[in-house]
Amino acid sequence: MNMIKKAGSSSLTIAITVFYMVYFALGGGVSPHGLAGDALGALLALNILLGAFNKAARCVSRPVITPAGIEAMDASTVIENAVNPDEAIKSIFDKSGISQREINGAYYGVRGRFSFVPEAVLRLGIAMFLASILISSHVRSQEVAEMGQGDSMDVFGSQITLDEVRAPLDEQLVVTGSQGVFTLAGVGAVISSEHGKIDITTGFPKRLGSEYFRIADIGYKQGVSIGNAQMDCFLNVLPPGKSDECNLQSGGVSFTLEPFNSVKKGLFTGKVYNLKSPLLNINNEIIVGEGQSMTLNGQVASLGKGSVYVSVHAVYDPALPWAYAGSMTALAGLLLSIAKLFWRMEMLCAVASGDKVYIGYGVDAYRRWAVNKFRQWVS
Amino acid sequence: MAELFTASFKEALQCTLLISILFFIPKIWEQRAFLLTGISLSFPGFFIGLSGYAGDALIFARHMTEIALLYMPAAYVYFNHSRQVNTGLIKPALIILGLLILFFEMASLGLVANETLSESGGLSYLILASGLAIGFSPLIFCGRLHAKAGIGERAHAPAVLLMAFSLNLLFGGVKEAGDVDAYMSFLDGAANLLNTASALVQQLLMVKSHPFLYSPMGGLFEFLSGDRAAMSLTVVVFAFPPLYLLAKIISRPDPEPDTQQSPAERRLGIAFFRRGLMWHAAPVLISLFAIIIVIHTANASLTPMFEPPFVPVRESEDAPGNIIIPLSGREFDFSDGKLRKFVYYYGNRQVLFISMLKPDGTLGVALDECEICKPAEWNKAAQGYAQRGGHLVCKYCVTPVAVESLNKPGGCNPIPVPFKTGDGTLIISLDDLISVYKSAKELQKKGTHL
């Protein structure tokens, strides 16, 4: 019962957050799938939203003005033996610059009535994001498909075809020192299905049908023929120095990129790799390039045409747009919150009771200075 | 034996400090129940430690208590102000919780005693008891002193509690038991939490980072899951309670003027109120200062100074008049970006110089001494530079110097030495090195700082 009364309060938000964090920590950091986690998350989102509604309602609604209510405000004063109470009230409102309104014989005025907006936007964003986490943890399903140009695959029951791969790989990549930095920008691909065609990148996911797609990784798709058998190896060997295994007929074989030259770069010697048409080092023994043959475990093997493959990450998740909307809204709320430095709500209330005039003042920030100002108005 | 005396004296003194600060809280001195609680908590603490139980649970409980105590004064002020929670019971609970620290301090002492007593005989009990007696003796005068000074009348209970707990964090902790303190423990936890939360959000938004492919907001998530974000979060968490309390104290409005009072009386009332605010704010400022020291000490320990030993070099036989140092070899490789120190013996004098690969891929060579800082003979160990993260640090004035500015004269930068590179080697002309060394010595003759 007490908890219901405190719904929307910051103390309840803090309490639920602590419980949620403890649950999160005890769960080993995994997504909170359990019923208790869902309940806590939903409660937290609801309480955060309710807090925003409460504050908005307090700011927007008309106050009930009574002498007791005025005395409970941040600062209040009583003018005894007021000859003309209405005149006295008007004079204080004029001094404060807050416009005066009448309600059932009492007076009130609010400045910065909508100063709750930044906080409300922030709260709304957080609640949306929390809700999307909860929904996503139950409804999300995902697949990763390694595809070269022209490959087709069944993803969530739809036939997806990779029409084009864009990978700006260097023909001469120089790697110097032991800690080279390798980055690859501008990787993209075009995929199509019965729902249409989209251009996907390593950036934000894009929607095709009811699924979202994004490039998660890149590597080499290398054709290898041993005898009459032909197969494709998906080699995850980028950046240079990394090795990957491919299971050929004769067993697992290790592949690494091999430099084709070495150059002097400043003070140091660097290795030069051709990433467009790479040389491959097999089992640390044989170095071969596209179209070349070798003897592998007594069998003649030859490398066919090599190309680039991309790992396409496909996700079915109706909550994903809400997660983005929530995070963007929260970010907007956070930026808007800067306005709170100079945007605050002030409320001036006054009511005459007999020859006494009760005047109260409430403010939601910079209390010390605001109250001192109020005393100047009423002095 | 001396170790046991020092440990018992130190722990007892820490407890005395804590208790004496708690005396500042109005009326606590009169309410003996608090004191009895503290004393009764101390004994089981000591005996648990003495029994040799130093499990993780005790350390975990202590860290949780310390962080809770740091936050409770701020929570008390917040709830008291917002009237959301009945704070009637919070204050005594807070004080009792504060006294729990005595339990942990005595448990630490018990552990030290356990280690020492198992090795020596009955005399050690006497040494332990004398250390405790001397450490606790200031308490005899404490109550009287407080009553005389009347400080308790003016003190602000949450502020005093915060001061007690932050000083305890500064002087106490669990280092006696060879463990990490609450700050470092929290830092570890924050790093874990941020790492996990970042990964979870990236997974949710489908923007998982990749080692070399572009990913949206990759820099943001890298920052959030890195050490700097964890450190920033920890600093915010530890510095928040004193800053919040300070803001609450300073933002209290002046008292409402009494219409019966004369203007002079009103002004006097306001002046008295503002003096009171200073009394309330003083313990908070002390605790803020203590927390800054805790944070700084912990952060400095995370990025220790790197100072390699001097490698002796001599004139090259192949190129007389030059010192030739290979840039990579069995001993070291300049490409790791670490500071290297060399010594050239010039007659009976040592010419110390440093070299390092700068982030732009060029080398920097300089004498291992500063143009400005000249430590005195007795303080010669403070001469030269060490590396801390991406900076060189003058060991004398602890000024960080950007590595990029190596080879540029002025300020706290090391004195540059001309050099050449060629064929994977660093070439320094001996004439240049000696000439720079002699000029530096001339400069040094002008005077020292100490």
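**Strands and chain contacts in a predicted model**

Me: How many bridges join strand E14 of chain A to strand E17 of chain A?

Reply: In this predicted model, strand E14 (residues 251–258) and strand E17 (residues 279–282) of chain A are joined by 4 bridges, and the two strands run antiparallel.

Me: Which residue stands opposite A:Thr256?

Reply: The residue opposite A:Thr256 is A:Asn281, which belongs to E17 of chain A.

Me: And in what order do the strands of that open sheet in chain A come?

Reply: The open sheet has 4 strands in the order E13-E14-E17-E18, with antiparallel pairing. The twist from one strand to the next averages 35°.

Me: Why is one side of strand E13 and of strand E18 in chain A left without a neighbour?

Reply: Strand E13 (243–248) and strand E18 (286–288) of chain A are at the edges of the sheet and have a single partner strand each, so one side of each has no neighbour in the sheet.

Me: What about the side chains in a regular strand; how are they placed on the two faces of the sheet?

Reply: In a regular strand they alternate between the two faces of the sheet.

Me: Moving on to the loops: where is A:Pro239 found?

Reply: A:Pro239 lies in the loop between strand E12 (229–235) and strand E13 of chain A.

Me: Is the peptide bond from A:Leu238 to A:Pro239 cis or trans?

Reply: That bond is cis, and its omega is near 0°.

Me: And A:Phe156, is its phi positive or negative?

Reply: A:Phe156 has a positive phi of about 50°, although this residue is not a glycine. A:Phe156 is placed in the loop between strand E5 (152–155) and strand E6 (158–166) of chain A.

Me: What do E5 and E6 of chain A form?

Reply: They form a hairpin with 2 residues between them, and A:Phe156 is in the turn. The two strands pair in the antiparallel sense over 4 bridges. Within this pair, A:Val155 stands opposite A:Ser158 of E6.

Me: Now chain B: which strands form an open sheet there?

Reply: An open sheet of 3 strands in chain B has the order E6-E7-E8, again with antiparallel pairing. Its edge strands are E6 (385–388) and E8 (400–402), each of which pairs on one side only. Neighbouring strands of this sheet are turned against each other by 40° on average, direction ignored.

Me: How many bridges are there between E6 and E7 of chain B?

Reply: E6 of chain B and strand E7 (residues 391–394) pair over 4 bridges in the antiparallel sense. B:Arg388 stands opposite B:His391 in E7 of chain B.

Me: So how do the chains meet; how many residues does the contact take from chain A and from chain B?

Reply: Chain A gives 49 residues and chain B gives 42 residues to the contact. The area buried between the two chains is about 3,600 Å², with carbon and sulfur atoms giving 64% of the area.

Me: How far apart are A:Lys90 and A:Asp94 in helix H5?

Reply: They are 4 residues apart in helix H5 (residues 85–96) of chain A, so about one helical turn separates them. Side chains of opposite charge can pair when their charged atoms come close.

How values were computed. Residues numbered from 1 in each chain as written. Chains lettered and ligands numbered in written order. Predicted model: local features only at pLDDT ≥ 70, side-chain atom pairs only at ≥ 80, totals over all residues. Heavy atoms only, no water. Contact = heavy atoms within 4.5 Å. Buried area = accessible area lost by both parts, 1.4 Å probe. Pairing = 2+ DSSP bridges. Axes fitted to C-alpha atoms, helices over the stretch in contact; angles between N-to-C directions.
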